[in-house]
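Please keep the sequence and the coordinates at hand while reading.

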Amino acid sequence: MDLVKTEQAPEEQQITIPDILPVLPMPDMVVFPYMIIPLFVNRERSAKAVDQALAENRMILLISQKNAAVDDPKAEDLHDFGTVSVIMRMLKLPDGRVRILVQGFSRAKVEFYDESKPYITAKVQPKTEPQVIPDSIELEAVIRNVKSSLEKMVSLGKNISPDLVAIAANLDDPARLSDLVASNLDLKVDKAQEVLELIDPVERLRRVHDLMAKEIEVLEVQNDINTQARGEMDKSQREFYLRQQMKAIQTELGEGNEIQEELEQYRTKIKKSKMPQEVTEEAERQLGRLERMHPDAAETATLRNYLDWMVSLPWSKATKDNLDLKKAQKILDEDHYGLEKIKERIIEHLAVRKLKKNSRGPILCFVGPPGVGKTSLGKSIARALGRKFVRMSLGGVHDEAEIRGHRRTYVGALPGRIIQSIHQAGTNNPVFMMDEVDKIGADFRGDPSSAMLEVLDPEQNFAFRDNYLGVPFDLSNVMFITTANMLDPIQPAFRDRMEIISLSGYTEEEKLEIAKRHLILKQTEEHGLKKNQVQFTDEGIRAIINLYTQEAGLRNLEREIASVCRKVAKQVASGEKKSRKIHTDNLDQFLGRPKVFQEELLKRDQVGVATGLAWTPVGGDILFIEATAMKGRGALTLTGQLGEVMKESAQAALSYARSHAKEFGIDKDGPSAGVTMAAAMLSLLTGKAVHRKIAMTGEITLRGEVLPVGGIKEKVLAARRAKIDTVILPSLNKRDLEDVNETIRKEMKFIFVDDVQSVFKAALLENKPAKVVRGPRRLRKTAEAIV
């Protein structure tokens, strides 16, 4: 066996190191030369390596593992640089483990490992440290820095033995000093291995000094944290002491118990409410003010009211959405007949929520005439979603403080109606309906529409700040639904934040189904009637719809049904037990004479009278345009409340009639403010009657082109209610018929025109022209609506 000699200090005894040594893997530590440490040996292979070392020369190679989690390390799991150590003592424990006391001796590099034996062996090459230049100024400086850093670490609380500090203070050998300090720095395995593999003592000492500097930084930060924590603890103890003193004083004055109990209740409620951090800090700050304030001070009532609002708001309380699409569809169908587009929009929202939990709710705006079910639809949506429902009417609101709340400096200040409604709901994600947004006012007190911009903007309402609360409240989980009768009065920026969904009037068939499914059941229950005490036939319901109501919605229909139920309730209460069946023959006994007369419609085709269609805020309507001729100077006279646009249209039509007089066989003019006025005036001038069963709508240009108009569905429904079977529409409005019920499209005839001549051809009856009288043209509009 070859022996390698290493040069030691003159005072050290020379020891020969065999070139083949048994290996003891170290899972989570590095042993340095001259380091004495006890070790427990648990692994079987490691125990056999110890036995072999004791049987030979008590020398063993201590090598750290690359991965401490490996329980049975192989050669590839070990570093190739370790410490040759001497086993000083060995003790076998009753549980089979072996305890040894080893001392590091010399660094050694592994040339190769041998795993052929029951334990791992290695061929080693001991590393001799280079000679250090004595009395070097640089070396002296590094040694002093290391010793100074060691003392500073002790002063900062590092757990280092005083004996170790004393030994280091007397060491001037950089090799021994670096290994001594490194072994007591609690280094991670990779850092300690890095120090072990540095052969040059001076370079190694510099590296150890760098590691000490980082350790000192960590200790300083740790001390700062401890000092801060100790300061907070001292502050808490001081506050507790002062609070106990205050409690004792208040007890002597007879006013302590109730106040302290109230303050503790507020503290408990603040914790239970799970407020955001910013809100919690503000609530605790106001609670501290209340605690320091005299109980009889005037401001205590204001602070109590404020804290009551803060702890009772649903900061983190939310209902769980019903994401069962079939169940939601069933609920919507139960509550409302028709309205397929709106139902589909709600189901789409639920589908998105099912796929993405944190999606923001839509901001819908239902626009339609009164009585079409806008508000009740909001309640149905809340029931389908499984959410709470709150409603706020904005009609006539003029003060911005109604939305944002009053500042607490005002007497009687309260949060705005938004926060009040959220408080009423008890959850932070209700379905929030805002009715009549088209009737919001504005004056010197502010513009509520502008305040609503923050509420209905998904990019802002996550931090809605009420003036009374003074802290942000998250409204992004709320599903806002607004309602309006008209879009024009709504501020453009306000309207831009909403998804507009139009609800037009109901057809006769839809009203019939709604009455049978909802209205009759509701009114019989409200009047204490049983199902067998009153029965409505389909003919009776249709008669109520056509002879007693004329509306786009259902309110008057419900009132008439309620009137019937009252009459029946009176008879039942008087002792009559027979069942009542409501039909066309006995309807007048309950509702009196019809309120809508069919005689109001034209009984025959007339010259100079055309039937027009109009859109109004309460749905569609028909109107009659009459034209007559009289002696005069050829002037055009317009009667009725006509706007500037209507007057301009009439003049434009007059110019068109003059330029095409020969085509129609007349020697005078035929104007129109829209196709209906043109048809009425041309009928007068040509003597040809207008078909009474034809209604029309559209605007014309000077060239006689027919332009598209809006409100087609409402106008068609109005024609249907008036028993008109043919409607003339602009060609560009053909796509708008998709919104009309398919049954109505099949039952009615639609004529699409591009120019006025097509209107005349379809509407005027071919008969012998009547004699016309020269003179001024007079145009009369019998309904106050725009064609």
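## A buried serine

A residue is called buried when its relative accessible area is under 20%, exposed when that area is over 50%, and partly exposed in between. The model discussed here is a predicted one, and Ser-683, which belongs to helix α23 (residues 675-686), has a relative accessibility of 0% and therefore counts as buried.

Which residues does Ser-683 touch, once those up to four places away in sequence are set aside? The neighbours are Gln-606, Val-607, Gly-608, Lys-688, Ala-689, Val-690 and Leu-764. For Lys-688 there is a further detail, in that its backbone oxygen lies 2.4 Å from a polar atom of the Ser-683 side chain.

## The chain as a whole

The protein chain has 787 residues, of which 47% count as buried, and its secondary structure comes to 26 helices and 28 strands. Among the contacts between residues at least 6 apart in sequence, 72% join residues that are at least 24 apart.

## An enclosed helix

Helix α4 (residues 174-182) is largely enclosed by the rest of the structure, because 8 of its 9 residues are buried.

The N-terminal end of α4 is capped by Asp-173, which places a side-chain oxygen 3.1 Å from the backbone nitrogen of Ala-175.

## Two helix pairs

Two packed helices are described by the angle between their axes and by the distance between those axes. For helix α10 (residues 325-335) and helix α12 (residues 374-385), the axes come within 8 Å and cross at roughly 155°. Since angles over 145 degrees count as roughly antiparallel, α10 is therefore roughly antiparallel to α12, and α10 passes α12 in a right-handed crossing. On the α10 side the contact is made by Ala-328, Ile-331, Leu-332, Glu-334 and Asp-335, and on the α12 side by Ser-380, Ile-381, Arg-383 and Ala-384. By class, the residues of this contact divide into 5 nonpolar, 1 polar and 3 charged.

At what angle do the axes of helix α17 (residues 508-526) and helix α19 (residues 555-573) cross? The crossing angle is roughly 45°, with the axes coming within 10 Å, which means that α17 is oblique to α19; the crossing is right-handed. Lys-511, Ala-515, Leu-519, Ile-520, Lys-522, Gln-523 and Thr-524 of α17 meet Leu-557, Glu-558, Ile-561, Ala-562 and Cys-565 of α19, and this contact has 7 nonpolar, 2 polar and 3 charged residues.

## Positive phi in two loops

Most residues other than glycine have a negative phi. Tyr-34, in the loop between β3 (20-26) and β4 (36-41), instead has a positive phi, near 70°. With a relative accessible area of 30%, Tyr-34 is partly exposed.

Lys-723 likewise has a positive phi, near 65°, and is located in the loop between α24 (712-721) and β26 (726-730). Is Lys-723 buried, exposed or partly exposed? Its relative accessibility is 37%, so Lys-723 counts as partly exposed.

Note on methods
Residues are numbered from 1 along each chain as its sequence is written. This is a predicted model: local features need pLDDT of at least 70, side-chain atom pairs count only at pLDDT 80 or more; totals for chains, interfaces and linings use all residues. Side-chain values use heavy atoms; hydrogens and water are left out. Axes are lines fitted to C-alpha atoms, for helices over the stretch in contact, and angles run from 0 to 180 degrees between N-to-C directions. Helices (H or I, at least four residues) and strands (E, at least two) are DSSP runs, numbered from the N terminus. Angles under 35 degrees count as roughly parallel, over 145 as roughly antiparallel, 65 to 115 as roughly perpendicular and the rest as oblique. A crossing is left-handed if the near helix is turned anticlockwise from the far one by less than a right angle, and right-handed if clockwise. Contact means heavy atoms within 4.5 Å. Ala, Val, Leu, Ile, Met, Phe, Trp, Tyr, Cys and Pro count as nonpolar, Asp, Glu, Lys and Arg as charged, and the others, Gly among them, as polar. Buried means under 20% relative accessible area, exposed over 50%, partly exposed in between (1.4 Å probe, protein chains only). A polar contact is a pair of N or O atoms within 3.5 Å; within protein, one must be able to donate a hydrogen and the other to accept it, and residues adjacent in sequence count only if both atoms are side-chain atoms.
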